[in-house]
There are 4 protein chains.
Amino acid sequence: MRSEHQQDLINRLKTIEGHVRGVQRMVDSHAYCIDLLKQTQAIQQSLAKLDSIILAEHLRTCVTTAIRSDEISERERVVNELLQVFEKLH
Amino acid sequence: MRSEHQQDLINRLKTIEGHVRGVQRMVDSHAYCIDLLKQTQAIQQSLAKLDSIILAEHLRTCVTTAIRSDEISERERVVNELLQVFEKLH
Amino acid sequence: MRSEHQQDLINRLKTIEGHVRGVQRMVDSHAYCIDLLKQTQAIQQSLAKLDSIILAEHLRTCVTTAIRSDEISERERVVNELLQVFEKLH
Amino acid sequence: MRSEHQQDLINRLKTIEGHVRGVQRMVDSHAYCIDLLKQTQAIQQSLAKLDSIILAEHLRTCVTTAIRSDEISERERVVNELLQVFEKLH
């Protein structure tokens, strides 16, 4: 993970962490269930954005290095890893 | 939200909060991207479980009260809210 | 399912059926993989829209009837069914 | 798409096509809404499996060829295409 992305990820994770604490306060103050669900869905979207940044960085670094190598096993490894990530999403 | 569920939700949210901090440490220590994605997907699953608990409680309290009322507008309100939650998930 | 929705669902299903046949032709003519994925994702979205129509109709008929009944077991049945649909989506 | 996968995809698409027709018959015969939703979710899972096969084939052919080429623009193209597929899923 190149450093310019590293700090961005950490900032996003800190925002998500704060958002989770916010939902705790909502539960504490008996917020309406649908409003809670709107917040957890917003957190899911922040995590999805985070995933995209991680995947983009991964494709441009580790996957590119492995596929450009002459190690066929390395290519298969990164392809299988990507498929697992993809299948978990479906 | 009945109190027995309230504490359960808060405990789950605190676990998610800790999990998010854990991912921050992984990013800090240059963890492999795929390992990061496995953790964010685990957090998504925890949030999904949280959503189910919130929705179950909502269906059994607010939705039941509104649908059993004689206010047709109240019934339509809770139905439309549920559809919005459902559509955001798809 | 009230008849005005029934015909709408059947028309949508026939469109989806035609779309699936269209993807078969694309595979036959060696279309680019990403173009295939764009079509299968479009079919998924059509199915998601179909699900919303079915769920809206279900909430306004069967769920409302069951929840307004005095049979607590009927209320629990429709609530549990909705939760299963919801959890499969997550 | 290599031919051994092509026939597999076409067979799966024909099965999905038949499944969609089956749901039409269920709607025609006033099947219970939840049973309809179970079938559309089963079709979604078949499409998800189809997507995995297409993506696996794409990663092992087009993506590998592009990333092993010396055309940086080709590498960026296949990476961006993968990210779009990934983001649509989230």
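User: How many disulfides does the structure hold over all chains?

Analyst: A disulfide is a covalent bond between the sulfur atoms of two cysteines. The rule here asks for a pair of cysteine sulfur atoms within 2.5 Å. In this predicted model, the count over all chains is zero. Take C33(A): the nearest cysteine sulfur belongs to C62(B) and is 4.8 Å away. For C33(D), the nearest is that of C62(C), also 4.8 Å away.

User: Is C33(A) buried or exposed?

Analyst: Buried means under 20% relative accessible area, exposed over 50%, partly exposed in between (1.4 Å probe, protein chains only). C33(A) has 2% relative accessibility, so it counts as buried.

User: How many residues of chain B are in contact with chain A?

Analyst: Contact means heavy atoms within 4.5 Å. By that rule, 39 residues of chain B touch 39 residues of chain A.

User: Which salt bridges does the rule find across this interface?

Analyst: A salt bridge needs a side-chain nitrogen of Lys or Arg within 4 Å of a carboxyl oxygen of Asp or Glu. The rule finds two between chain B and chain A. E17(A) forms a salt bridge with R21(B), with the closest N and O atoms 2.8 Å apart.

User: What should I know about numbering and cut-offs?

Analyst: Residues count from 1 along each chain as its sequence is written, while chains are lettered from A and ligands numbered from 1 in the order written. Local features need pLDDT of at least 70, side-chain atom pairs count only at pLDDT 80 or more, totals for chains, interfaces and linings use all residues, and side-chain values use heavy atoms, leaving out hydrogens and water.
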